[in-house]
Amino acid sequence: MIGESAKTQETSNFRNTVGSLKRLIGRTLEDSDIEIEKKFLSAELCKVGNTVGVSVDYLGEKTEFSATQLYAMYLGKLRDTAAAETKAAVNDVVIAVPVWYTEAQRRAVIDAADIAGLNPLRLINDTTATALGYGITKTDLPAVEEKPRYIAFVDIGHSDYSVSIVAFNKGQLVVKATAFDRHFGGRDLDYALVQHFADEFKTKYKIDVRSNPKALFRLSAAVEKLKKILSANAVAPLSVESIMNDVDASSALKREEFEALIAPVLERTLAPLEEALKLAGIEKEDIDAVELIGGTTRVPALKSRISDYFGRPLSFTCNQEEAIARGATLACAMLSPVFKVRDFTTTDTQLFPIKFVWDKAEGDEETELVAFAQGNAIPSTKVLSFSRNGPFELEARYAEPAGLPGSINPWIGKFTVKNITPKEGGKQLVKVKAKLDLSGVLTFGEATLVEDAPEEPEAEVPMETEPAPAAAEGEIAAEPAAPAKKAKKTIKTALPTVAGGSALDGSLVSDYREKEASMAASDKLVLDTEDRKNALEEYVYDIRDKLEGQWKKYVNGADADALRAKASESEDWLYTEEGEDATKSAYVERLDGLKQLGEPINLRFREHEERPKATAALREVITGFQEKAQSGDDKYSHIEEAKLQEVIEACANAEAWLGNKLYSQQEKALDVKPVITSAEIRKKAEEVSNVCIPIMTKPKPKAPKVEVPPPAAEEAKAEDAPMEEAKAEELD
Ligand SMILES: Nc1ncnc2c1ncn2[C@@H]1O[C@H](COP(=O)(O)OP(=O)(O)O)[C@@H](O)[C@H]1O
Ligand SMILES: [Mg+2]
């Protein structure tokens, strides 16, 4: 379970409750950020492969799951919820991720989607999703060639804070800059409050809340409530009944005391805003609106600091809870072939510069190049040129590891270009494409060997021996225009390549996918078993009630006693250890056994209610046709007598059949099998209709037309005539 229901269960099962999935995925156990996460996690972390995982009790056994697997379970739950809601299979998805996700985390989310059997069309950064939802409905955006409208989107949620400066024009948005503080959110405020009250209770009640996980958990829930009250009130009460050692803890806090407690966090409010504006290269005054989302932006001290900084009132026009999901949904609809949505281009910005590194070859001046600098547009493709006479390797790395969020390995991927053979008279030109795709994930594209076409031997041009510096803008990063180039014809040959990166190995993904499917199947079995157990319980109670009520007349004393005894036996069994925790088939078997006795009684009861209704319906059908066939009405004068007779006979037969059956039914006691069922009576009504309807609805032949040839001069009028005739026939 997830969300509210998981939160409710957590207090009795926190060793097996895992949160913060978005903060665990794509990291190693040794990551400095994981050390911080431990403050907020109650489950036991472990190492799974080379990533972080969690060790929990699964079906009574210690089991380790990687964060990627857990994320996949979470997506699977969302998938099932969405599928149940929309009554359609869910395949294509767009997943929103924190702006500060690196390649490893993005790849891990894509792997998780794959494990959950989903097809991620793209990932989208949280604030970009919000911006998309915001912009797509605006009809008054400046034209593309005009000065854009700049909006600052500030999102402070449960654990992190991000801000994007976004430029809007008609049909497009460009994220100019993004900044973040990934340890700034509601939970940090809660943490400060917990520390405060833990200290207070130590002196006030002589209890050590920190030593008792359950007490700590309940205090955390209480301070969150207090925090929310303080967003709207000057003072808030706190009370936790029997927090530990039978102590009922209570206290109160004033808003200014709260603000003093969280001062170290509040001090960091402006840094991301300053950073984003600096990166975007625009002034505060250029911002047209500051849009806030995320639960923690409801804290007055934060609101006033942000508002003071921009020197303007804040806007809250986005849906605080749904803005990101809505934007991601729109992005998904745009990419999916099934939906038609107004196009709105999103261009994002690269946060962490990526460089390519290679072994020095003769003639190389450099052995690395920053191809995607900070602020580089996403998506974007770069072409790198190399001069080589043999296979070579290229590595992608983050250029500034110190700036990465936590201890993320700066290594991104490796690319090997093969099948380059030494050539007489020098090296050959090889071009490699690298792409930052819509998800902000790096992929190597094709590698091509570029050779001079043989028919122009005179075009001797010095080879480019260097990958050209990445162009600041645009797509192509290579080839400073060589003077003779225009005259040169080239042949391009694709080269075989091998790429490796941080995505999970394909076989591991399919292994995880299988495990996930089998866990989902056993979850389903658990649910089904529970469902059949409930059904058995319900039926037992039902039998007892009904034997005294509705069913009483329809069962003889001996049968009723037998059924009652059987029901009691099952009831007793349900309370035994065996019956408490039996297999699905054991419940089904007992339920079927009871139904074998109970359902015939139920049928007699239901038939007794249904039979008069079905009888009335059949009688209505019979009399209807009889009346028509015997009416002598002109409407039916065209129907042959023999046919009318057929109708009358069918009706008479049905009437006789019904009379006979009802007569023998009357002779029967209520507690024996009925001789006639309502279903049979309904079937008979259908049979009668099948015989009579075709006969009685036979169309009447048209009255012979009196042809009045229209005068030649009045053709237009003549055309009206058949229409009038048709109308008249319809009225018939
Ligand atoms: N009225 C409020 N005052 C202060 N904090 C609030 C209020 N409402 C919600 N929060 C806090 O907002 C956080 C949840 O914000 P949300 O944007 O939903 O988180 P996320 O998107 O990071 O999961 C929680 O820490 C919650 O305590
Ligand atoms: Mg949020």
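Predicted model: local features only at pLDDT ≥ 70, side-chain atom pairs only at ≥ 80, totals over all residues.

Visitor: Which strands are joined to S6 by bridges, and in which direction do they run?

Guide: Strand S7 (residues 161-169) runs antiparallel to S6, with eight bridges between them, and Asp 155 has Ser 162 of S7 as its bridge partner. Strand S11 (residues 287-293) runs parallel to S6 and is joined to it by six bridges; there, Ala 152 stands opposite Val 290.

Visitor: How many residues of S6 are buried?

Guide: A residue is buried if 20 or more other C-beta atoms, placed from the backbone, lie within 10 Å of its own, exposed if 12 or fewer, and partly exposed in between. Six of the eight residues of S6 (residues 149-156) are buried, so this strand is largely enclosed by the rest of the structure.

Visitor: Is Lys 553 buried or partly exposed, and what about Phe 386?

Guide: Lys 553, in the loop between helix H14 (506-548) and helix H15 (557-575), is partly exposed because 13 other C-beta atoms lie within 10 Å. Phe 386, in strand S16 (residues 380-388), counts as buried because it has 25 C-beta neighbours inside 10 Å.

Visitor: Which residues are buried in helix H11, and where do they lie around its axis?

Guide: An α-helix has 3.6 residues a turn, so residues three or four places apart point the same way. In H11 (residues 270-280), the buried residues are Pro 272, Leu 273, Ala 276, Leu 277 and Ala 280. They cover an arc of only 130 degrees, taken from the directions from the helix axis to the C-beta atoms, which puts them on the same side of H11. Their cover includes S7, strand S8 (172-181) and helix H12 (300-310), and just after H11, Gly 281 takes a positive phi of about 70 degrees.

Visitor: Which residues surround ligand 1 most closely, and which helix gives the most to its shell?

Guide: A residue is near a molecule if its C-beta atom, placed from the backbone, lies within 6 Å of it. Here 14 residues surround ligand 1, and the closest are Gly 157, His 158, Gly 186, Ser 231 and Gly 295. Helix H7 (186-205) and helix H8 (213-230) each supply at least two residues of the shell, and H8 gives the most, with three.

Visitor: Why is the chain called more spread out than a compact globule?

Guide: The chain has 20 helices and 22 strands. Its radius of gyration is 39 Å, well over the 27 Å that the globule rule gives for 732 residues, so the chain is more spread out than a compact globule. The radius is taken over C-alpha atoms, and the rule is 2.2 Å times the number of residues to the power 0.38. Along its principal axes the C-alpha trace spans about 105 × 100 × 60 Å, and buried residues make up 32% of the 732 residues.

How values were computed. Residues numbered from 1 in each chain as written. Chains lettered and ligands numbered in written order. Helix = DSSP H or I, 4+ residues; strand = E, 2+ residues; numbered from the N terminus. Pairing = 2+ DSSP bridges. Contact = placed C-beta atoms within 7 Å.
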